[in-house]
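Open the model in your viewer and keep the selection tool at hand. This tour goes from the ligand to the pockets.

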Amino acid sequence: MCIFCKIVNGELPVNPVRENDDFLAFHDINPKAPAHILVIPKVHVDSFNDVSPEMMAGMTGFIQEVAEAVGIKESGYRVITNVGHNGGQEVKHLHWHVLGGAKLSWGHFADADPKDFF
Ligand code: 5GP
Ligand code: ZN
């Protein structure tokens, strides 16, 4: 069982933010911003590659509720899901990083020239 499934099952403790029947939000153990929340579906989905439009619809509203619950909805935030090897996905259970609480930096994501891809 993957670590996020263990969190859903209550086998690993987390600092929770919000949950409903389908989704769970909790604070990232290694925060990259003052607010860094992870949003996961309670059922195992490997990554964004496998999420259904129906699940996405539910997650969208849930992420909006999470942003409001932690007080970053108006000040702004970033929603990221890392997918696969090049995306830097370490935990193979779909999750959204919700980052905020300060002005986030933006820059180059790869040691490669963007114009070399397309
Ligand atoms: P990824 O690199 O897969 O997109 O992100 C995985 C995230 O999960 C990382 O930001 C990491 O800090 C977080 N994480 C990994 N294990 C745990 C854990 O046991 N508890 C919590 N709260 N976060 C975790
Ligand atoms: Zn899982």
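For the classes used below, Ala, Val, Leu, Ile, Met, Phe, Trp, Tyr, Cys and Pro count as nonpolar, Asp, Glu, Lys and Arg as charged, and the others, Gly among them, as polar. The model is predicted, local features need pLDDT of at least 70, side-chain atom pairs count only at pLDDT 80 or more, and totals for chains, interfaces and linings use all residues. Residues are numbered from 1 along each chain as its sequence is written, chains are lettered from A and ligands numbered from 1 in the order in which they are written, and side-chain values use heavy atoms, with hydrogens and water left out.

**Stop 1: the ligand**

Select ligand 1. It is surrounded by 16 residues (each with a heavy atom within 4 Å of it). The closest are Asp28, Asn82, Glu90, His95 and His97. By class, this shell has 6 nonpolar, 7 polar and 3 charged residues.

**Stop 2: the polar contacts**

Now look for polar contacts (pairs of N or O atoms within 3.5 Å).

- Asp28: a polar side-chain atom is 2.5 Å from an oxygen atom of ligand 1.
- Asn82: a polar side-chain atom is 2.8 Å from an oxygen atom of ligand 1.
- His95: a side-chain N or O atom is 2.8 Å from an oxygen atom of ligand 1.

On its own, ligand 1 has 520 Å² of accessible area, and the protein covers 85% of that (Shrake-Rupley method, 1.4 Å probe).

**Stop 3: the largest pocket**

Which space does ligand 1 take? That space is the largest pocket (more than half of the ligand's atoms lie within 2 Å of its grid points). A pocket is an open set of points on a 1 Å grid over the protein atoms alone, where a 1.4 Å probe fits, with protein on both sides within 12 Å along at least five of seven lines; lining residues have an atom within 4 Å of a point. The largest pocket holds about 760 Å³ of space. Of its 32 lining residues, Asp28, Lys32, His36, Leu38 and His97 are closest to the centre. Next, select helix 1, which gives the most to this lining, with 3 residues (helices are DSSP runs of H or I, at least four residues).

**Stop 4: the second largest pocket**

Select Ile80, Thr81, Asn82, Val83, Asn86, Gly87 and Phe109, which line the second largest pocket. About 280 Å³ of space lies there.

Key
Grid points are joined across faces, edges and corners, and a volume is the space filled by probe spheres set on the points. Helices (H or I, at least four residues) and strands (E, at least two) are DSSP runs, numbered from the N terminus. A polar contact is a pair of N or O atoms within 3.5 Å; within protein, one must be able to donate a hydrogen and the other to accept it, and residues adjacent in sequence count only if both atoms are side-chain atoms.
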